[in-house]
Amino acid sequence: MVGFFDRDFLLNSKTARRLYYDFAADQPIIDYHSHLPQGDILGRKKFRNMAAIWLGEGGYGDHYKWRLMRAAGIDESLITGDAPEREKFNAFCRILPLAAGNPIYHFSHLELRRIFGIEDVAISEKTADKIWEEGNARLQELDTWALLKQARVEIACTTDDPADDLAQ
């Protein structure tokens with residue numbers, strides 16, 4: 001690897017790189033089991049900050065990140081409770097290095113790179129300020145629709161009732 005989580009992350013051979021870049025990289029995402037609130041997509045919801053999009057706001061919240069925080073002994077007020085959002089974000093950054101090798105560790109770094117354009121940064125207590133500032137600046141340009149478009153989501157199927165009008 002050239003840098004931390006570089007563009008060839010997990011592509012450890014010439015064959016892997018060829019298969020990915022020549023056949024898979026440009027394929028759209030088809031999400032058959034989405035939990036995204038469809039009203040937020042329709043309304044083009046914007047997120048206040050990194051804590052709101054990563055750790056929860058309204059119908060959002062990453063239960064995988066929450067589970068990791070609970071396993072690390074983080075107080076519930078810093079997970080789903082009423083602690084300030086910046087403190088919640090800092091708590092997540094503080095414990096993520098403990099999860100090296102866990103998919104949530106890899107996924108969080110890939111989110112930084114692919115969605116927020118933050119590269120060569122290992123999420124930690126020491127890098128929380130940089131990620132907070134750069135991520136929040138990027139969020140000013142993004143809404144739910146733009147996030148899906150940037151991630152090349154072609155189809156996002158809801159888990160709602162098939163007769164639901166999807167307006168909520």
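Buried means under 20% relative accessible area, exposed means over 50%, and partly exposed is in between (1.4 Å probe, protein chains only). This is a predicted model, where local features need pLDDT of at least 70 and side-chain atom pairs count only at pLDDT 80 or more, while totals for chains, interfaces and linings use all residues. Residues are numbered from 1 along each chain as its sequence is written, and side-chain values use heavy atoms, with hydrogens and water left out.

Select Cys93 to start: with a relative accessible area of 0%, it is buried. Jump to Cys157, which is partly exposed at 27%.

Now colour helix H5 (residues 85-95) and helix H7 (residues 128-139), which pack at about 125° with axes 10 Å apart. So H5 is oblique to H7 (under 35 degrees is roughly parallel, over 145 roughly antiparallel, 65 to 115 roughly perpendicular, and the rest oblique). Zoom in on the contact (heavy atoms within 4.5 Å): Glu85, Arg86, Phe89, Asn90 and Cys93 of H5 meet Ala128, Asp129, Ile131 and Trp132 of H7.

Last, two loop stops. Most residues other than glycine have a negative phi. Asp120 isn't a glycine, yet its phi is positive, about 55°. Find Asp120 in the loop between helix H6 (103-114) and H7; it is exposed, at 54% relative accessibility. Arg152, also not a glycine, has a positive phi of about 60°. Look for Arg152 between helix H8 (144-150) and strand S2 (153-158), where it is partly exposed at 39%.

Conventions. Axes fitted to C-alpha atoms, helices over the stretch in contact; angles between N-to-C directions. Helix = DSSP H or I, 4+ residues; strand = E, 2+ residues; numbered from the N terminus.
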